[in-house]
Amino acid sequence: MDATGKKTAAEVHRAIHHEVDSLLQRIFAERRRTGGQDLEAVEMAFRAAMHQAGATGLTHLLTEEPPAQRHLPCACGGAADYEELRSKQVLTAVGPARMLRAYYLCSSCHEGQFPTDQALDVEKTEFSPGVRRMLGVVGSECSSFRLGAEQMLLLAGLEVTAKAVERVAEAIGADIAAREQAEVRKAMQLELPAAAGPSISNLYVELDGTGVPVVPKETEGREGRQEGKPARTREAKMGLVFTQTTVDAEGYALRDEASTTYLGGIQTAGEFGRALYAEAYRRGWSRAIHKVVLADGQHYNWSIAQEYFPEATQIVDLCHAREHVWELGAKLYPSDKAAKVVWIKAHQHWLDEGQIEDLVASFLCGRLVPSGPNWATTFRWKPTTSKAMPNGCVIRGSAAEGSL
Ligand SMILES: [Zn+2]
């Protein structure tokens, strides 16, 4: 760019004049021919013309003269010497622009560098920061990268490939979610080769969630717990995948030490389910002989389990199952604390021993007379099952409880 900017300003003005003149000629010619005008065609043509003029302006702004500085420090400790001006195309918010910038080469390590690219945040990318932001949005919001590319064309007037949307979505390093989703997509399409390795005797997937308060903007359009009122929290979901090979002295299954991988996020059930599936798959879900989903017994979590891990044995973890027994005890004996504790101890024993059928039967056969109202409707029991678990049907404590 020239030092005063006068030449650049003149070039940009000329570009705008040129674009607008030729556009207006086309518009008036069309009007004479048809006697009317198509507003959508005209507005889009104006946008394209303004983009073209803007891109011309950017190209001028991004054209450097040979630099005064002939040497730069190199990361290796040596010095990089100015070599030449090199050109590259960058897609900007107003379309493709061309950069011409100084290239330096280190004589010691032969590493090249473009200081301008670093300064403008376009290092090793053909997309400007503005365009990368757009690609990040469509890449994470759209159901497919192809759709993302279509939206870029419609909304921003920019032509990009689905691959470009995917690459940029993935490259937004801080945005781990974007990368996760891409992996998830592959896993869901079973494109991941089943990670080779020996079979796994017991592989567990555990999931839980909790409401976290958020600012109103985060819950826009989401129905809250109270009908008609917007949600004030969003569900933070946590998941873990671990293996189990041994049992303790009492026969309870033990989580293998250092076998757990974790994931978490504020996501929809679908996003979270897919991410958890991808992680389980990565950990060898397809090679597991016994597949188990551990959760708290909430319908919500079981529906994720059902959708993504339908072949798994579903187990309510002991901590949460005990909570249900306590809840029921409190409803049965709302005003008799001693009776409540006696009842809970007796029934928790059955639960701890895995005598689930006995426990459920005792609820159903009328041996217990509830003294509180609506106990049957407020208590939702999800029976645990031990069909695939020769070593006991419950994990002592909740693995998640201690770690999350
Ligand atoms: Zn070097």
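**Helix 8**

I started with helix 8, and found this helix mostly covered, with 10 of its 14 residues buried. This is a predicted model, so I read every value below as computed from it. I listed the buried residues of helix 8 next: Phe272, Gly273, Arg274, Ala275, Leu276, Tyr277, Ala278, Glu279, Ala280 and Tyr281. I then checked the span of helix 8, residues 269-282: from first C-alpha to last the helix reaches 20 Å, close to the 20 Å expected at 1.5 Å a residue.

**The core**

Which residues have the most contacts inside the largest nonpolar core? I found Tyr204, Val205, Leu276, Ala280, Val293 and Ala305, in a core of 36 residues. I looked up which elements supply at least two residues each, and they include strand 5 (200-213), strand 6 (233-243), helix 8 and helix 10 (318-332). Helix 8 gives the largest share of this core, 7 residues. I jotted down a reminder that nonpolar side chains tend to be buried together in soluble globular proteins.

**Helices 5 and 6**

I moved on to helix 5 (residues 145-156) and helix 6 (residues 162-171), which pack with their axes 7 Å apart at an angle of about 105°. The two helices, helix 5 and helix 6, are therefore roughly perpendicular to each other. On the helix 5 side I found Phe145, Arg146, Gly148 and Ala149 making the contact, and on the helix 6 side Ala162, Val165 and Glu166. I sorted the residues of this contact into 4 nonpolar, 1 polar and 2 charged.

Histidine 110 has a positive phi, near 60°. I placed histidine 110 in the loop between strand 3 (95-106) and strand 4 (112-113). Is histidine 110 buried or exposed? I found 11 other C-beta atoms within 10 Å, so histidine 110 is exposed.

Lysine 124 also went into my notes, with a positive phi near 55°. I traced lysine 124 to the loop between helix 3 (115-120) and helix 4 (129-141). Lysine 124 counts as exposed, because I get 8 C-beta neighbours inside 10 Å.

**The whole chain**

I finished with the overall tallies. I read off 14 helices and 11 strands for the chain. Of its 404 residues, 26% count as buried. For contacts between residues at least 6 apart in sequence, I noted that 61% join residues at least 24 apart.

Note on methods:
Residues are numbered from 1 along each chain as its sequence is written. This is a predicted model: local features need pLDDT of at least 70, side-chain atom pairs count only at pLDDT 80 or more; totals for chains, interfaces and linings use all residues. Helices (H or I, at least four residues) and strands (E, at least two) are DSSP runs, numbered from the N terminus. The expected span of a helix is 1.5 Å times one less than its number of residues. A residue is buried if 20 or more other C-beta atoms lie within 10 Å of its own, exposed if 12 or fewer, and partly exposed in between; C-beta atoms are placed from the backbone. Axes are lines fitted to C-alpha atoms, for helices over the stretch in contact, and angles run from 0 to 180 degrees between N-to-C directions. Angles under 35 degrees count as roughly parallel, over 145 as roughly antiparallel, 65 to 115 as roughly perpendicular and the rest as oblique. Two residues are in contact if their C-beta atoms, placed from the backbone, lie within 7 Å. Ala, Val, Leu, Ile, Met, Phe, Trp, Tyr, Cys and Pro count as nonpolar, Asp, Glu, Lys and Arg as charged, and the others, Gly among them, as polar. A nonpolar core is a set of buried Ala, Val, Leu, Ile, Met, Phe, Trp, Tyr and Cys residues joined through C-beta atoms within 7 Å.
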